[in-house]
Amino acid sequence: MPASKSSKRNLSSSSSNDGVNKNKIFVSPNRFASLSEDADPHPEVFSPPPVTVSPQAEDTSSHTYMEPPPTTKPHIPPFCVSDGYDFSTLKNSLLKVLDPSSIYFKNTLKYLIIHPRSISAYNAISEYLSNNKQIKFHSYLPKPLRPYSVFIRHLHPSTSVEDIEANITDKGHEVIQVTNILHRINKRALPLFRVDLKLADNNSDIFDIDSLCHTKIKIERPKIKLSPPQCKDCQAYFHTSNYCHHSPRCVKCGDNHPSAICTKPPSSPAKCALCAGPHTASYKGCPVYKNIIQSRKKSKSAINRKLPTPTNPTPSSKNRPVFPNSIHNNRSYANVTANTPPEDSYSISINKFIEEFKTIINPLIILLTSVLNRLQPVTVSVP
Ligand SMILES: [Zn+2]
Ligand SMILES: [Zn+2]
Ligand SMILES: [Zn+2]
């Protein structure tokens with residue numbers, strides 16, 4: 001098993017020496033009561049235990065979640081448990097350490113879903129599940145931890161990410177990371193960079209920048225993708241490997257082992273981990289994938305029936321997908337856009353609709369005003 005893979009499978013909250021600890025801990029404001037907004041707590045300072053982020057640890061996913069001011073109700077992600085648990089034991093153990101009102105359960109065909117109602121409940125559940133390694137589950141990145149991400153076009157691919165970061169920082173933004181985007185297939189560096197900013201009130205001001213490093217540039221929001229994220233560990237859709245504690249399933253042969261150690265010869269046919277069909281689990285022709293896209297299209301067109309399609313989306317301060325801090329490595333576009341959360345598309349659609357509505361209604365108001373102004377002298381001149 002390759003080192004990176006084995007470290008990713010390390011679920012213990014206490015074994016964090018490799019910096020690839022999947023135990024996600026939120027830290028309540030009590031712990032950092034002295035950290036005011038201007039104290040500027042680093043979003044990726046992990047606790048407990050404190051973990052140093054390795055610059056190469058792409059899947060590092062421990063996070064300290066600084067609870068927002070009380071007026072903001074944080075979205076606290078659920079835990080989806082699939083296997084390796086007895087419900088009564090799990091429930092009783094959690095209720096022993098948690099206020100019963102801070103947690104509730106829900107069952108679907110696939111998962112036992114545990115919803116924490118508070119950050120401390122999230123921490124306790126995360127710790128319990130991570131310490132019981134036989135329990136298979138996944139969770140999601142809390143929205144307040146997702147940075148504000150944009151894409152910069154037209155910069156030369158060889159431009160140093162440090163230069164880009166410095167230039168953007170000079171303009172009053174706090175940069176988490178800059179990533180050069182690679183061509184999805186031939187992996188050539190593209191004149192396209194992703195910039196993740198720390199969430200701030202001035203995030204959308206970044207769209208005012210039209211030149212950087214002596215180059216005329218264009219800044220764009222990430223595109224909303226129809227395709228959901230697919231976990232590279234268990235191959236399931238709608239979550240990423242960063243938050244996955246399920247058993248690994250091979251993308252090539254569908255067996256319960258990490259894809260990297262697959263011994264299937266290229267001559268033998270692939271077997272899909274999702275539908276058992278003769279293709280890889282990442283195949284876009286897989287019926288499971290096609291069903292997801294179909295239902296997403298349906299729900300999207302249902303939204304579009306109510307909301308006109310905008311042509312000129314305006315940036316808002318919505319959270320975007322997050323990546324580990326201080327990593328300046330190259331990644332493919334598909335990779336970096338892969339974990340767009342499904343629920344974002346609704347709020348983005350509404351924002352787009354409002355902007356579109358504004359662009360339609362404003363000229364109409366101007367037109368009506370001018371018509372009214374013209375009518376005034378005409379009615380007066382009639383005897
Ligand atoms: Zn997974
Ligand atoms: Zn395999
Ligand atoms: Zn399939």
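Okay, let's start with a definition: two strands pair if DSSP finds at least two bridges between them. Helices here are DSSP runs of H or I with at least four residues, strands are E runs with at least two, and both are numbered from the N terminus.

Before the tour, some housekeeping. This is a predicted model, where local features need pLDDT of at least 70, side-chain atom pairs count only at pLDDT 80 or more, and totals for chains, interfaces and linings use all residues. Residues are numbered from 1 along each chain as its sequence is written, while chains are lettered from A and ligands numbered from 1 in the order in which they are written.

One example is S149, whose bridge partner in strand 9 is D196. Strand 8 also pairs with strand 9, antiparallel, over 6 bridges, and there V175 has L197 as its partner. Strands 8 and 9 make a hairpin with 6 residues between them, and K187 in the turn has a positive phi of about 60°.

Now helix 4, residues 161-170. Which of its residues are buried? They're V161, I164, N167 and I168, where buried means 20 or more other C-beta atoms within 10 Å of a residue's own, exposed means 12 or fewer, partly exposed is in between, and C-beta atoms are placed from the backbone. As background, an α-helix has 3.6 residues a turn, so residues three or four places apart point the same way. Over on the face turned away from the buried side, you'll find E162, T169 and D170, which are exposed.

After helix 4 comes G172, with a positive phi near 95°. G172 and N203 are 31 residues apart in sequence, but their C-alpha atoms are 9.4 Å apart in space. N203 sits in the loop between strand 9 (189-197) and strand 10 (211-212). Is N203 buried or exposed? It counts as buried, because it has 22 C-beta neighbours inside 10 Å.

Strand 3, residues 79-83, pairs with strand 6 over 3 bridges, and C80 has H138 as its bridge partner.
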